[in-house]
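Please work through each task before reading its solution.

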Amino acid sequence: MLELPELTLTQYSIVYNILSFTIAAMLASFVYFLITRQDIAKRYKLASTASCLVVLIAGYHYIRIFASWEHAFTFNEAAGTYSPTNVFNDAYRYMDWALTVPLLMVEIVVVMSISASRRASLMTKLVIASFLMILLGYPGELDRESTSLFSERGLWGFLSTIPFVYILFLLFKEIKREMGEQKDKEIGRLFRNVGLLTLFTWGFYPIAYMAPFYGLSGGGGEVFLQVGYSLADVLAKCGYGILIHHIAVKLSEQQAPELQKNPMNAEPATA
Ligand SMILES: *C/C=C(C)/C=C/C=C(C)/C=C/C1=C(C)CCCC1(C)C
């Protein structure tokens with residue numbers, strides 16, 4: 001639970017609208033992943049199930065975050081500002097990540113071209129490491145007072161960074177292998193894009209976590225955090241899911257050419 005700063009009308013509205021936009025993005029992505037499931041071969045369907053669950057869980061949590069944001073402030077007519085009159089529950093974000101981040105790992109491992117036993121072991125490592133990363137970050141998030149790296153916040157942040165680095169290391173090793181082994185260059189490119197998207201969006205979370213260490217606070221700091229987390233979530237969940245979906249469709253076409261009869265999947269004739 002977080003005590004919030006006083007916000008101007010503009011600051012309050014920016015967060016209000018971004019949270020609303022994020023709910024729309026998550027729910028729309030859910031419908032998209034659900035409808036496009038039929039274009040994917042059976043062995044890759046788990047990727048699409050995981051994508052559906054991720055955006056559904058996130059959509060639900062954003063509805064709760066939005067309600068908590070509305071409830072946390074009262075409009076001060078005289079000053080024309082929003083005063084914090086209630087606590088804001090930002091634990092919803094961590095509850096959300098604890099469920100969705102492991103599922104994001106499932107999505108990518110399902111579309112990798114590896115043996116069933118390697119798939120199971122890689123998935124286990126990534127799921128456990130991503131859960132640990134969120135779990136270890138949370139106690140530090142509760143420490144709102146520290147402004148130094150050498151504090152409780154800094155310590156938990158450091159511990160959480162160990163599985164974070166391990167995940168990126170494993171992912172990049174596997175993505176590099178996929179890019180080398182895939183005969184279809186387009187699939188290789190999609191894997192590279194998934195890697196870059198993961199690096200740039202995931203990188204935002206620890207930077208935001210460190211905000212108190214570089215003096216980001218007050219209304220501006222709060223707006224930066226809420227907007228940053230929301231946009232990073234949309235890219236890391238909806239955008240990422242769309243890339244994984246395209247990989248799954250391409251792989252399905254390779255294995256079951258009859259799927260190409262679906263006009264949605266057909267390549268334009270080149271001859
Ligand atoms: C959809 C939500 C996603 C992709 C969330 C990702 C979250 C992280 C990569 C968080 C990482 C953290 C650290 C590496 C250290 C500080 C604590 C965290 C949890 C913010």
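**Exercise 1.** How much space lies in the second largest pocket?

*Solution.* This is a predicted model, in which local features need pLDDT of at least 70 and side-chain atom pairs count only at pLDDT 80 or more, while totals for chains, interfaces and linings use all residues. Residues are numbered from 1 along each chain as its sequence is written, and side-chain values use heavy atoms, with hydrogens and water left out.

Step 1. On a 1 Å grid over the protein atoms alone, a pocket is an open set of points where a 1.4 Å probe fits, with protein on both sides within 12 Å along at least five of seven lines; lining residues have an atom within 4 Å of a point. Grid points are joined across faces, edges and corners, and a volume is the space filled by probe spheres set on the points.

Step 2. The second largest pocket holds about 310 Å³ of space.

Step 3. Its lining has 21 residues, with Arg144, Pro212, Leu216, Ser217 and Gly218 nearest the centre. Helix α7 supplies the largest share, five residues; helices are DSSP runs (H or I, at least four residues), numbered from the N terminus.

**Exercise 2.** Which pocket does the ligand take, and which residues are closest to the ligand?

*Solution.* Step 1. The ligand takes the space of the largest pocket, where sitting in a pocket requires more than half of a molecule's atoms to lie within 2 Å of its grid points. The volume of this pocket is about 460 Å³.

Step 1. The lining of the largest pocket comprises 26 residues, and Met133, Ser160, Tyr205, Pro206 and Tyr209 lie nearest its centre. Helix α5 contributes the most, seven residues.

Step 2. The ligand is surrounded by 18 residues, the closest being Trp97, Met133, Ser160, Asp233 and Lys237; a residue is near if one of its heavy atoms lies within 4 Å. Of the ligand's 530 Å² of accessible area on its own, the protein covers 99% (Shrake-Rupley method, 1.4 Å probe).

**Exercise 3.** Which residue forms a salt bridge with lysine 237?

*Solution.* Step 1. A salt bridge is a side-chain nitrogen of Lys or Arg within 4 Å of a carboxyl oxygen of Asp or Glu. By this rule there are eight salt bridges.

Step 1. Aspartate 96 is the partner of lysine 237, with the closest N and O atoms 3.8 Å apart.

Step 2. This pair joins distant parts of the chain, 141 residues apart: lysine 237 belongs to helix α7 and aspartate 96 to helix α3.

Conventions: Helix = DSSP H or I, 4+ residues; strand = E, 2+ residues; numbered from the N terminus.
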